[in-house]
Amino acid sequence: MKDVVRLAIHTVLGPIHNEQLGFCHSHEHLFIADGQPARVNAALRIDDIALTIQELQLFKEVGGRSLVDAQPLGCGRMEKSLVLAAQETDTHIVASTGFHKMIFYPSEHWIHTYDEAALYEVFVHELTVGMYTGTDRGEPNDFIDAQAGVIKTAIDEERIQDPEKKWFRAAARAAVETGAPLICHTESCVQAVQLVDLYRTEGVPANQIIVCHLDRNLGQLEIHKQLADLGVYLEYDTIGRYKYHSDEEEADLIRHMVESGYEDLILLGLDTTRHRLRSYGGTIGLDHLSRRFLPLLQQYGVPEAAVRKMMVHNPAQAFDIK
């Protein structure tokens, strides 16, 4: 009997087999609508379809095939634009449901008032039926057929102190129910450990959890290793973000993690903003990783086979619907 091919990764144009994902940036922001995020930080407005398509063409020129867009609903996600950009550029785009930092939502937004059960229903609907539209200003009602493929969650100092944790429990329940990966914005190693502990207590397998931004701080590598030893993916995206550190320092971090045996659990991205997308007048562009950083990694002694794992094999495993 012929083997059945399982369509295991959900893109905005439909499910694909994980071997089709190809060269993948694991954390980007292709669109963010003008609204609350831009009021917090002007760099968080990426809303020109022509410019984003131009940026994706730069990505395709260097062999890019897929990206994970890490902007969740209710705070600037542009669902229809993600679909159009994927169609126009033949790019696999994996969209996010879930939630971001609460500072990115107005005080009257429904994300504050929905209980855990309601949040869970929203997340599951977006992963299995279609993404809601108009959720920056209104409640989730209308939706399109395109599904989200990951659950974005975000923890900061305010949320870590919150005893309720309804957003995180709803996301964990949705991950267990659907098998979707959880991508986790964190701002410290301590927060990352606490969030991973919470998710594992809620029944989420370690290989469904992707911790982001740990490479902003180059210290506490023992915590990176502690999380990786559990089987958690580490998504490093402080590349071309020179307010934190140089690309050379980033390359040295990754070299150390590869030499320590963690090459199967590392994902890479640029965590782009308007100020860092060249087509919007920014400093680097979506081709920076391929043109400049990956060659630098090899100069630092990271084998080509390990680089391919980070860009092709590991994303295909990490973003697979379990």
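Modeller: What follows goes through that sheet strand by strand and then turns to its surroundings. The model is a predicted one, and every value below is computed from it.

The sheet is open and consists of six strands, in the order E6-E7-E8-E9-E10-E11, with parallel pairing. Its edges are strand E6, residues 96-98, and strand E11, residues 266-268; each has a single partner strand, so one side of each is left without a neighbour in the sheet. Direction ignored, neighbouring strands are turned by 30° against each other on average. As a general point, strands of a sheet pair through backbone hydrogen bonds, either parallel or antiparallel.

Take strands E7 and E8 to begin with. Strand E7 covers residues 150-154 and strand E8 covers residues 182-185; the two pair in the parallel sense over four bridges. Two of the facing positions can be named. Ile151 stands opposite Leu182 in E8, and Ala154 has His185 in E8 as its bridge partner. Helix H7, residues 166-178, packs on the sheet and touches both E7 and E8. The direction of helix H7 makes about 160° with that of E7.

On its other pairing, E8 is joined to E9 by four bridges, and these two strands run parallel. Here Cys184 stands opposite Val211 in E9.

The side chains come next. In a regular strand they alternate between the two faces of the sheet. In E8, Leu182 and Cys184 lie on one side and Ile183 and His185 on the other; all are buried, and both faces of the strand are covered. Strand E9, residues 209-212, is likewise covered on both faces. Its buried residues are Ile209 and Val211 on one side, with Ile210 and Cys212 on the other.

Gln220 is found in the loop between E9 and helix H9, the latter spanning residues 221-230. Although Gln220 is not a glycine, its phi is positive, about 55°. Gln220 is partly exposed, with a relative accessible area of 35%. The other residue is Asp271, in the loop between E11 and helix H11, residues 288-299. Its phi is near 50°, again a positive value in a residue other than glycine. Asp271 has a relative accessibility of 7% and counts as buried, the cut-off for that being under 20%.

The largest pocket of the model has a volume of about 550 Å³. It is lined by 29 residues, of which Asn41, Leu44, Arg216, Arg241 and Thr273 are the closest to its centre. By class, the lining has nine nonpolar, 12 polar and eight charged residues.

For context, there is also another open sheet, with three strands in the order E3-E4-E5 and parallel pairing. Its edge strands are E3, residues 24-28, and E5, each of which pairs on one side only. On average, neighbouring strands in this sheet are turned by 20° against each other, direction ignored. E4 and E5 pair in the parallel sense over three bridges, and Leu67 stands opposite Ile93 in E5.

After H3 comes Asp90, with a positive phi near 55°.

Asp320 counts as buried, at 8% relative accessibility. Between Asp320 and Ile16 there are 304 residues in sequence, yet their C-alpha atoms are 9.6 Å apart in space.

Conventions:
Residues numbered from 1 in each chain as written. Predicted model: local features only at pLDDT ≥ 70, side-chain atom pairs only at ≥ 80, totals over all residues. Heavy atoms only, no water. Pairing = 2+ DSSP bridges. Axes fitted to C-alpha atoms, helices over the stretch in contact; angles between N-to-C directions. Contact = heavy atoms within 4.5 Å. 1 Å grid on protein atoms, 1.4 Å probe; cavity = no way out; pocket = protein on both sides within 12 Å on 5 of 7 lines; lining within 4 Å. Points joined across faces, edges and corners; volume = space filled by probe spheres on them. Nonpolar A, V, L, I, M, F, W, Y, C, P; charged D, E, K, R; others polar. Buried < 20%, exposed > 50% of the residue type's maximum accessible area, 1.4 Å probe, protein only.
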